[in-house]
Amino acid sequence: MSFLLPFLKIDKTVQDRIVPPSGFTAQLTILTSAAMAFLAVFALTLSLATGRLADRWAGELAQSSTVRISAPIAQVEAQTKAALAVLETTPGVREARALDADEQRALLEPWFGPSLPLDSLPLPVLIDVKETAEGYDSESLRLRLAGEAPGAVLDDHTRWRKPLITAANRLRLLGVVSLILIGGVTAAMITLAANAALAANGQVIRVLRLVGAKDAYIASAFVRQFTFRGFSGALFGAFLGTVAIALLPDAQTTGGFLTGLGFRGYEWFWPFVIPPFAACVAYGATQFAAKQTLKRLM
Amino acid sequence: MIEFNNVAYGYGGQDLLTEISLSLAPGSFHFLTGPSGAGKTTFLKLCYCELQATAGRVQLLGKDTRNIARDDVAGLRRNIGVVHQDCKFLDHLSVSENVALPLLVAGKSRDETNLNELLAWVGLSERADALPAELSGGERQRAALARAVIMSPEVIIADEPTGNVDWEMSLRLLQLLVELNKMGKTVIIATHDMHLIRQAKSQVQARVLRIANRRIQQAGVDL
């Protein structure tokens, strides 16, 4: 990033003032850069949060499964014991235990509220199964359960875990694509603004050439201006975006995915990457625009 | 120094200059004259590579300008000072900043003493911080001359430098250009002011180049 330092000088020497400030393009560049940086912070948050979510779902659910006992009330206890016996003797099962009433209430509370009359509801018994690292053979377990406890249904979470992880990964991809699009739009807008500035300063370019300026020198005068504007706009936008993210509600277990949006730990440094990145985009876009325009003005 | 070898320049299928062959020696002083639209400015533009000849060969300071690279043109311009009738300043910079512009683009440091001496030489010491728009016509021409010579170029080209100034200022500008010629610089002045050319007679050995009918017709006529 050291190559950026000459562009970020605040003191205005003659070299910095060779290209006269033009209000329209200057404001457009700063505004575009700020708006894109603001959006980039949100895209970054989305990408990071969905990444965390996918990892969590994959990690938490990968080695756990549930056995549900749905049987006539008189047989529930016997089938539960039979199912637990089968599970205890199944290779690959580390632990199996039936959830008590409080745990079941805690599971249902987010959906039905705290005053749930569990006793009056015909709820199935749930057995939480923890696997070993090697896991168990789900097909043979299903067959054994069907023989010993006909009301037992094994749910190894595969059916709904995979789509959830796929959805989370796609959301993460969407965030990355959004960041790429934001970078592309920023580059396009700055190229347009730089082209407008170059066209408006045709006389400046002619005078500079007349006194012996090389095209690289002329281009650098414009590049310096636009890189600084891109950086300062992005700094402002990223700051606002980060403040907005910081003001979002904290993650709550009952709040679902939306309250988990935000940065965690070292992730708070990511927004600070946006302004230098915007400066690089502005640098590249203006170099490109200047090269094209100066070639055309031969 | 500057050599034209059977040079022609055309635009839109029409020749504006043709069959130009001449050689301008180092340290020489030339007036370029002719009626309006004869091609004086076009000829001068060929002399500082603003235009490329469409036929023939132009050599500037020993460099063939055919297919010359843009960066080489910049290098040539640092050795050829140009004064335009409309001066061509950066209007948002002060007089001293405009005068020092060639140093800046060449990456040379600005020596304040030399700059002040140069501004004093053209009589603009008091106007150093003024903007170009605040200068009179004569002051603008003198500032343009100071800018043209700040890199100590080998050739000074002036396109109608006295077109917008009174007679007294014309003489002042002529005197400055004669001084530069006496310092060994090659000077080319485009003008249709015959009084000015006659006035120069007493001060310097000059040649008059007359452009008419797309050709230089009186090359080599001394005053």
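Is B:Cys49 buried or exposed, and what is the relative accessibility of B:Cys49? With a relative accessibility of 6%, B:Cys49 counts as buried, where buried denotes under 20% relative accessible area, exposed over 50% and partly exposed in between (1.4 Å probe, protein chains only).

The model is predicted: local features need pLDDT of at least 70, side-chain atom pairs count only at pLDDT 80 or more, and totals for chains, interfaces and linings use all residues. Residues are numbered from 1 along each chain as its sequence is written, chains are lettered from A and ligands numbered from 1 in the order in which they are written, and side-chain values use heavy atoms, with hydrogens and water left out.

Chain B contains eight helices and eleven strands, defined as DSSP runs (helices H or I, at least four residues; strands E, at least two) numbered from the N terminus. The radius of gyration of chain B is 17 Å, close to the 17 Å that the globule rule gives for 223 residues, so chain B is as compact as a globular protein of that length; the radius is taken over C-alpha atoms, and the rule is 2.2 Å times the number of residues to the power 0.38. Along the principal axes, the C-alpha atoms of chain B fill a box of roughly 45 × 40 × 30 Å. Of the 223 residues in chain B, 52% are buried. Among contacts (heavy atoms within 4.5 Å) with a separation of 6 or more in chain B, 68% join residues 24 or more positions apart.

The contact between the chains takes 19 residues from chain B and 20 residues from chain A. Together the two chains bury about 1,900 Å², 66% of it on carbon and sulfur atoms, buried area being the accessible area (1.4 Å probe) that two parts lose on being put together, summed over both. On the chain B side, B:Arg70, B:His92 and B:Val105 lose the most area to chain A, together 30% of what that side buries.

B:Cys49 lies between helix 1 (40-47) and strand 4 (55-60) of chain B, whereas B:Glu160 lies between strand 7 (155-159) and helix 7 (167-182). B:Glu160 also counts as buried, at 9% relative accessibility.

B:Ala200, in helix 8 (residues 194-201) of chain B, is buried with a relative accessible area of 0%. Not counting residues up to four places away in sequence, B:Ala200 touches B:Phe31 and B:Leu174.
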